[in-house]
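Welcome! Please take a moment with the sequence and the model, and then let us walk through some of the features together.

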Amino acid sequence: MRLEMAEFPVTDIRLGRAFRYYSGKLEVDGEELKNLVLQDKRIEEAWLEVVVPGEKVRVTGIRDVVEPRVKVDGKGQVFPGILGPVAPVGEGRTHRLSGMAVVVAAEYEGTIRSGTGVERSAILDMWGPGAEASRFSSLVGLVLSLRLVKGLSELEAHTVIQRAELEVAKRLAEVTVGLKPKRVETFDLTKVKPKLPRVLFIQGCLTDSHHVHSGVSYYGLPIRDSLATVVHPNEFFDGAFAINTTRWIGYFPITWDWQNHPLVLGLYREHGKRLNFAGVILERIRFETFQGKEVIAQNTAQLAANLGADAALVTWLGSGNAFVDVMLTVQA
């Protein structure tokens, strides 16, 4: 697959009465965006604010952060399985608004009262020591705040929050359709150099199979007790991966991280130079039994061997229980 990623940098966002992009400035029709979100009657109220780096403001109740993107050529659309049908993505041309992010905050009281499944949210400081701790403080932010109706289940609340933020992100990116980008980066693995090593990327996905949402989803489907799965790295860039928006934990990746996965980008930029990037294996980790951990480790290693890998870069998130799965995978 060959994907062109066209970049439109944003240095300033203004709430107005139209959608326009010019010289790094993004004008947003706030009323249209609110009306778009409020079509879902499970949202009682919605409002928008702009935050900029260095501003003395703290954003609370954050559920997710996403970079606006839209497909202008190729199969499917961004965020497949969530905003539209499940259709393969990762080829054609996608536009992105870089330097900015949609930050979604939501007032929601979860139905789970104890344990690791309780709802959680994050904060973001745009100035001071707090800003130094977060990469998102350097981005211009459009904050979408939501107040949900009472009594929603965990999965229903997640669905409402996620769909609202992704609809807004896609609508913002649509302003670039027909415009000339600042730069275009091409992602294509078809050209290889035979003498270079084939390197696979193994992404350990910490999941909770006993919760209503596992924490990581692929084409909108939560990853549960699955065996290792081969995916194309271009799928990351079109939003095939997402999170549980009722449980944002600071060190867990959020949608923006999956869209801009640093190791996927790093391996791509070394492709044909130091290595041949051979693709990505998703490995579900944190099985509840030792047998499950042994099976996923052997399955992942066997799949990597069948793909002809000379080496693998293994990464994961979490520790403790999930770390056992990873070490068994390295051993295998």
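## Before we start

Two strands are said to pair if DSSP finds at least two bridges between them. Please keep in mind that this is a predicted model.

## A covered strand and its partners

Let us begin with strand β11, which spans residues 140-148. Is this strand mostly covered or mostly open? Eight of the nine residues of β11 are buried, so β11 is mostly covered, given that buried means under 20% relative accessible area.

Strand β5 (residues 43-51) pairs with β11 in the antiparallel sense, and eight bridges link the two. Within that pairing, Leu48 is placed opposite Leu144 of β11. Strand β9 (residues 100-107) runs parallel to β11 and is joined to it by eight bridges. Here you can look for Met100, whose bridge partner in β11 is Val140. In general, the strands of a sheet pair through backbone hydrogen bonds, in either a parallel or an antiparallel way.

If you follow the chain on from β11, you come to Ser153, in the loop between β11 and α3 (154-173). Ser153 counts as partly exposed because its relative accessibility is 35%, which falls between the 20% and 50% cut-offs.

Which residues does Ser153 touch, leaving aside those up to four places away in sequence? They are Tyr108 and Thr111. The C-alpha atom of Ser153 is also 9.1 Å from that of Ile112, although 41 residues separate the two along the chain.

## An open sheet of four strands

Now turn to another part of the model. Four strands make an open sheet in the order β16-β18-β13-β19, and their pairing is mixed. Strands β16 (229-231) and β19 stand at the edges; each has a single partner strand, so one side of each is left without a neighbour in the sheet. From one strand to the next, the twist averages 30°.

Strand β13 (residues 198-206) pairs with β19 in the parallel sense, over five bridges. In this pairing, Leu200 stands opposite Ala312 of β19. Helix α6 (residues 262-270) packs on the sheet, where it touches β13, β18 (276-285) and β19. The direction of α6 makes about 175° with that of β13. Helix α7 (residues 290-306) lies across β13, β16 and β18, and runs at about 165° to β18.

## A nonpolar patch on the surface

Which residues form a nonpolar patch on the surface? They are Trp316, Phe323, Met327 and Val330, which together have about 340 Å² of accessible area. Trp316 sits in the loop that links β19 (311-315) to α8 (321-331). With a relative accessibility of 30%, Trp316 counts as partly exposed.

## Two residues with positive phi

Finally, here are two loop residues to look up. Ser23 has a phi near 50°, a positive value in a residue other than glycine. Its place is the loop between β3 (20-22) and β4 (25-29). Ser23 is exposed, because its relative accessible area is 69% and the cut-off for exposed is over 50%.

Phe79 also has a positive phi, near 55°, and is likewise a residue other than glycine. This residue is found in the loop between β7 (69-73) and β8 (92-98). Is Phe79 buried or exposed? Phe79 counts as buried, because its relative accessibility is 1%.

Terms used. Residues are numbered from 1 along each chain as its sequence is written. This is a predicted model: local features need pLDDT of at least 70, side-chain atom pairs count only at pLDDT 80 or more; totals for chains, interfaces and linings use all residues. Side-chain values use heavy atoms; hydrogens and water are left out. Patches are made of residues with over 30% relative accessible area and no salt bridge: like charges are joined within 9 Å, nonpolar side chains (Val, Leu, Ile, Met, Phe, Trp, Tyr) within 5 Å. Accessible areas come from the Shrake-Rupley method with a 1.4 Å probe; for residues, only the protein chains shown count as cover. A salt bridge is a side-chain nitrogen of Lys or Arg within 4 Å of a carboxyl oxygen of Asp or Glu. Buried means under 20% relative accessible area, exposed over 50%, partly exposed in between (1.4 Å probe, protein chains only). Axes are lines fitted to C-alpha atoms, for helices over the stretch in contact, and angles run from 0 to 180 degrees between N-to-C directions. Contact means heavy atoms within 4.5 Å.
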